[in-house]
Every structure is written in structure tokens, then in C-alpha cells.
Amino acid sequence: MNFPAAHLEKLAKLVDSVYNGAVSSEIVQADTKIPVLKINSRDIRKVVELVVHHKDLGFTYLNTISGTHLAETREDESLDLKGFEMFYVFSNSQDFSSLAIKTTLPENNPEIDTIDDFSGSANWFEREIFDLLGVNFKNSQDLRRIMLPPDWEGHPLRKDFKEGSHYNGIPTTRSSELEAIRIE
Amino acid sequence: MTSATREKELKPRVEITQISGTEIEVNMGPHHPSTHGVIRFILFIDGEIVVRAVPDVGYLHRSIEKIAESMPYSFFMPYTDRVDYVAAINCNLGYALAIEAMGGLEVPERATWLRMIGVELNRIMSHLVGVGALPLDLGAFTPFVHALREREHMMDLLEILTGTRMNNNYIRFGGVCQDVDDEFLKKLEKYLDHFVLFLEEYDRLIGTNKIFIERLKNVGIVSGEKALSYSFSGPNLRASGIGLDLRKVDPYCFYNDMKFDVPVGKGIKGTVGDSFDRYIVRIEEMAECEKILRQILSKIKEGPIQSKVPKKLVLPAGEAYHHTESARGELGYHIISDGKSASPYRIKIRTGSFASMTSLAEIFKGMMVADVIAYFASLDIVAPEVDR
Amino acid sequence: MSLYHEMPENIFVTSVDQLLGWSRKHSLWWLLFGLACCSIELMHTGGPRADIERFGSAPRGTPRQADLIIIAGTLTYKMASRLKLLYEQMAEPKYVISMGSCSNCGGLFDKAYSVVKGVDQIMPVDVYLPGCPPRPEALLEALVILQKKIQKEKYLRK
Amino acid sequence: MTTYLKNIWEASATVFEGMAITFSYLLQRPITVQYPDRLKEPVPKTLPKNYRGRLMVDTELCTACALCQKACPIDVIEMKGARTERKKGLTLIYFNIYHGKCMYCNLCVEACPAEEGDEEAHHTAIYFKKDFEGSGYELKDLVEQFIPREEAIQRLKEAEETAAKRAAKAAAESAPAEPKKEGNA
């Protein structure tokens, strides 16, 4: 559902008023249907707490957490950063209007505070990002690999991920049967 | 039901403290007849009671999100089928709508109607697997065969509509891949008459069965608050008494014009949000799908099925999070485009099953081992949707 | 051949090998095991329309009782060791049908980092079945082809 | 005690109700398709006209434009067209399809520009046959060569000859201009 424009300003004011400018926030109406609140990664817990627990907002429903690796190959000015971008989507449990919180992490040693005490599902979403992107969530209850086997090396969704030639003795590539009958 | 009897029913049959034996670690899955696909639990049990459970997923992690980054937008469409193979067109639709919103593409009216036919048929088929596999996991084989027979009829319809039985790859950006003639619409209408009778019969087959009810009622109760906290969506969330349906609150396609109810769990046999509610919500939702399909049939008009879409689609730089109501809940696509290449920079797929899985560890605590199966089956989880 | 002509007409002549092959091919019990998309079509093959039990193939829950394993779906590295274990638990003679593109050669996931590119990299395969997923009749055809192979096998003279 | 007996009664009554429904199907016509034999008509004939069974190529119709090869996300199609003296335009040298990898997504068929036939029997040069059979004992059995190998080798030779001829012809035509270019290079 489209987020009312009035709410947007209210939210920006709210973040400012509650934290007296201690939280760096910026509201962008992205070309998504949902507004995006850009914040500094160290303020994530404060903002999430406000968004989830404030009686006027009540975005208690966590839709998803998404992470992206922004590699050097990226030449887009709107996201001019090398590192990791975290994208949290929260929804209001009453009318299901959504709000996104976006923050960026540095390329080396990406770290962010966990939000798994705000939502029962956050831990799994975080584990997925830890597994596939290698973002470390500080103070998490349970941060293990979720999709890949525990002995896996590397984080595949990073843009610089390189696959080995074998995994546990199983070759990772296979030539097509078409090559065997190719006429040169 | 009076509150006293209700208290009594809610009480666990065996107190955990009564058994003081040692904890045994039991491994369930990934190959287990009653896990939906390849999902594994490690159960720490004391007697019959689960003390602690560790769900383990990823046995079907097929790296769909990584593959998306290496190919053009249109090539990724067949892969979305495999995200949720039981409701493939739903996944197609979510992806197509997200791309169309980002690229500003138009969809002809008839194409939207055809999409909705595909989506609703697929939703019925998906729920049929859900309510069919549930008694199967509880030990009753026959209802599953009934559900499969009905799915075969629907697959015949999908075959005419899309050309394949499963993994249809039906929807294209700005349209659908093929048109149908009036004969199909008549066939569908005729089939819907049959389906209403079948649904009634199926509910009579197991929905009234005493043993079935006893196995499900008051098992795996997820309250509304908890369901929201675990990011439940779709039928699982509605079974917990929260009537959120993205087709109603955030309408896409022509769902605005459709008249249908959103069934919610009322706890008719036990408590709101128990496993039986999850069963009955799916049954009621199938009836609603049938209503929607009839309305579509009365409104569908002739017209083009594909708008003009550039051959090499390059989306403007930016990102979108677009969600639709799939058969298993909110299906969200978070797509980032860098504005230069013809392939997405990143696609993240948010699925209903993954969110439902997050509840397992806590809900399993204190449950009987047999109820673990009942609760898990009632969630109607499909493994590739969890792992992707 | 003189003996053959002297026998009464109701005697059926066969070799022990043929008899064994005949009985084996008509009691191919398969392991109830599905991995991904193809497992839905596998279920449909066991369902009322295709009804695989017409061929004497009953589903079995445990590998100890099964003769045939149908690899229905995508095999990932995480699952590979488990599948290998299941295969090794089966009693001889055992047969493998690779159902669908993913288990044939990785199929559409051949660029994936977590998918085994073909189930024949970890176990021998008897019949390869194209399709994504194959329809139930196609699986029945694979079964018939496998039956032909079993019939031709020589158990006693190796 | 009464609840106990009532429970037993309810359980057996509802189970028998379900049984009655199941038994009612005993009297109906079975929906089983007796697949390999004992069929009134073969299964492919009962399928709708756009059913995606097995990729086929009409080698006569194909213009060797390679659009299907480009449209395939997973490189199932391998084909080559070149100029020979057989016909105007490109001649198909070889056309191989790897059925064992195909995902039946219909993208190649939609890309194909060559079409033939009227409403009833309309088909493109690459199209899905309704036939779905094609299991094999080995993976290489699942590769189909639409132009037999000997024929393909023969055609390749012809194409090479034609190419050599054309090059010679082009060289002869542009002979005065060529030394200059070479000098520059």
C-alpha cells in the first residue's frame, strides 16, 4: 500500500525529535512504491526500535532483510559506494503500508548490530545474509551458515566469489554433451 | 466451549517435568517421507516430548539469486518458476509485475485477465497439495490421492492455457506467452462447477473426520501476535486470525474489482491459530479462488495479449521492492538495477515459506513428536521456496 | 530342438536368467524420495492417473526395501552425501533413474555454485529421462525401458 | 464414560463417511490412463496443440539465423549456418539439441522468425512436438542431431569451398585496391 506522504514527514520529524539529531537519517522517496529511510549503520537499533515500538508507527511486521554487495564494477552515482548495502523492509500490521530502512556497510569487515530481538524471524533473515554475503551481525543469538554446508568456503553472493574446481571430490563444472559431437 | 474445558484441552497431556530421562538427539530428514521436500530437523527429545529443535535447511539451495545476476531480465523468468514449483505462475507474476513497475511497461487488459486465471488456478492447485499432503503426513493416504486426481484435471486446463503441466513460464514482460480460445473458457467454467462439488466432498472426506480433527486441533497454536513476529504471511497468517491479504490491502492486476472474502481462522474446533485453522483456511480460500475465477470468466474480453517491449530490456537505475500474494504468502522481489547492463544487479526473493520456517524452533518446544509432523505439515512449506 | 516339439503345449520354456529377469522387472519397488520440482510429478506418477503400481512398482519408505531410486530433482552439494548414503543402503540389485534435466546434467542450474552437475558424478545411472519436469507418462516410459534392460541382464553367467 | 463412547462412535461414524466417499469412486469410471498399451489413441494425440513435449526442428524451414541459439538461457541448442551453393541465403550445417538439459521454457520458439502453415497446423522452424518420450541409457542418447553427422560434415566442406570461392572472387574484384590496404596495415 502506498505510504501517505504526510506520514513520511512525520517519520523524519519523529526520528529527529526522538534522537535530537543524534541519528543521521534521510528520507528518500525511491522509485519503489515504498519510502526509504537512509540511516547510518551504527544507528540501526535505535531506528528499528522507534519504527517498531512507537505507538504512531507500529511497523511490527518485518517483511524481509536483503543485502547487496556493491562491487567496484558498479558505476551508478545514486549508490556510489563500495561495500555492502542492507535493505530492511518493515510493514505496519494494521494497513500493511511498508517502509524500508537502508544502510551501507564498509567493504572490509562488514558489521552491523543484530535486530533479532525485535522480530522472531529476523534471526533467519540475518543468517541468510551472513551465509551468502558474509555480513557479521553483532550480538546475534545464533549466527551460523543456513543455506550452505558448514564446511563451505567463501560467500557466494559477493561479486568477487570464485568457485573452486571441486567440492568434496565432486567436480563443479561439466562439459556439455554437445561438445563431444561438435564438428570443427 | 466453556473456558474450563478449554483450559483442560490446552494443557499438555504430559508435563515435561514428569519425564526425567536423558535427552536423546533424533535426526529427522532430509530424506523423510513426511517432510515437504528436503528439510531436516534435529530434535532433542525427552521421551515423547521435544525439548529443543534445530531446523536445518539449505538442502535445496540452488543459487537462483546468483544466477539472476548473470543473465538478462527475460532469461530469469523460467527460474522464477522453480522458486515455488507448486505455484509457478504466482512467482512469474510477482517478478513480471516488479519489472513492469520499474521499467514502466504496459500490460494489455486481456493479458492481465489471463494472468489472473493462471494465478488463481495455480493457487487452488497449490492449496490442494497443502491440504492433500497434510492428511498424508498424519497417516491417511486416501485424501492425497483424491487431491492428486483433482490436480490432474487442473493440470489439463493449465496445459491448454500455458502448454505445460508444471513450471509453466507463462508470463512475459508486458503480457503472456500465448492466448486461449473460448473453448478453454467454457471448459474452465464447466470444471469449476465440478470443483465446487469436489471441494465439498473433500471437506466431508477429512474435514469432519474425528481422528483428523483430534490430531490437529490445539496443536501448534500460533497467536496473531506471534504470527506477525515470525513474519508469517498468506494462509498461515490468516489462520492466526489476522486477515491480511495483499490482494485486498495492496491490490495489483484487477483484484480491486473482484469481490471475494478473506477467510480467517476462527478456531472452530479448538483455538485460533491452531493447525486445524490452517487447514480450514486453505479449504475456504480455494472456494474464494473459485469465486474469483468465475468473475474473471464473466469479465474477460478479446484483445491483444502482448504489449511492445524492447528486445534488450535495460531498466533505469534504482531499486524496487514489489510484493504479491502467492499461494504461500507474501512473495517479494527486491530488484536492484544499475541502469547500464541488461541483467539485474541483485535480485532477492522474499518467500512465505522461509518466514514460516522461522517459527519452528520455538513452536516445536514442548510438543509431542507426532505433533511436530502435524504442525509442520499444516504450514504447507515447499522446500525450494525456503532455500531458493 | 526335438525335445521342444515333444513337450505338451502347456509347458512354458524359459531359462533361469529370463525367469529371474522377468520377476525382477515386475517388482521394481522404488524409494519414496523426491528432491525438487520433479518430485511433484513423481507423486502424480504414483497418483490415480498414471498409477505406477500397474507395473508392480510400489513406493517404499526405506532404502533397505527398495530396488529403484528415482532421483527426482536438483541435487545440491549439501544433499549429495546423504543421497550417496541412501544409495549405498539399498540392497543389490539396485537401479537408478535420473529424472529430469537437473539430475541429468545440472540442467538450468549449470551455472549454480551449489548444484551437483549431474547425478552420475556420484553414482551410476541406468536410465536418463529428459524433461523439466517430465510428465508422468514419460517416467513410465523410463520405467519400461529400465524393465527391458533388466530383462536382458544375465545374473548367473557373469 | 459417555464422552468416551461418544468419541468412539463419532470417530467410527466419520471414518465410515469418508470410506463411503472413497467407495463411491469404485463405481465410477477410473481416470487411469493405461499408458504404454491398451489406449484408444496415443497420449500425444490427447494433448493440446501448444503442448511443450520435445523440441523439434524443421530443417527445411530453418533459415539458420541462430536467433533460437541466442534466446536459450542455458545453451541447449548448437547450430551453424553458412553460405553454400545449395540455396540462396544461409544453409544449415548442423543443428544439435541437447534434450537432457532443456528446460522447456518456450523462449527459443518465440524467438523463431520462420513460420509456416495456417491456423490449424501452424508451426515455427523450431517447435515443440507433442511427443514426450525419449529416455536413454546414456546421456549422449539425449542429444539429437537433426542433420546426420555425415551430412553435416559434407555440408561443412561445401561451405568451406564456397567461402574460399567467394574470397577468391572478392579478392579478384578488389585486387587493385587491396595492396594499398595491406600497405597500411
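Buried area is the accessible area that two parts lose on being put together, summed over both. With that idea in hand, let's look at two interfaces in this predicted model. Chain A and chain B bury about 3,800 Å² between them, while chain B and chain D bury about 2,300 Å².

- Carbon and sulfur atoms account for 56% of the area buried here.
- On the chain A side, A:Tyr61, A:Trp124 and A:Met147 lose the most area to chain B, together giving 19% of what that side buries.
- The contact draws on 46 residues of chain A and 42 residues of chain B.
- Four salt bridges are counted between these chains, and one of them joins B:Arg388 to A:Glu128, with the closest N and O atoms 2.4 Å apart.
- Strand E3 (61-70) of chain A is among the elements that supply at least two residues to this side, and E3(A) gives the most, with 10 residues.
- By class, the chain A side has 19 nonpolar, 15 polar and 12 charged residues.

**Where chain B meets chain D**

- Each chain brings 27 residues to the contact, and 59% of the buried area comes from carbon and sulfur atoms.
- In chain B, the residues that lose the most area to chain D are B:Phe75, B:Glu159 and B:Lys210, together 22% of what that side buries.
- Three salt bridges cross this interface, including the one between B:Arg172 and D:Glu110 at 2.6 Å, N to O.
- Helix H6 (142-162) of chain B is one of the suppliers of at least two residues, and H6(B) gives the most to the side that touches chain D, with six residues.

Key. Residues are numbered from 1 along each chain as its sequence is written. Chains are lettered from A and ligands numbered from 1 in the order in which they are written. This is a predicted model: local features need pLDDT of at least 70, side-chain atom pairs count only at pLDDT 80 or more; totals for chains, interfaces and linings use all residues. Side-chain values use heavy atoms; hydrogens and water are left out. Contact means heavy atoms within 4.5 Å. Buried area is the accessible area (1.4 Å probe) that two parts lose on being put together, summed over both. A salt bridge is a side-chain nitrogen of Lys or Arg within 4 Å of a carboxyl oxygen of Asp or Glu. Helices (H or I, at least four residues) and strands (E, at least two) are DSSP runs, numbered from the N terminus. Ala, Val, Leu, Ile, Met, Phe, Trp, Tyr, Cys and Pro count as nonpolar, Asp, Glu, Lys and Arg as charged, and the others, Gly among them, as polar.
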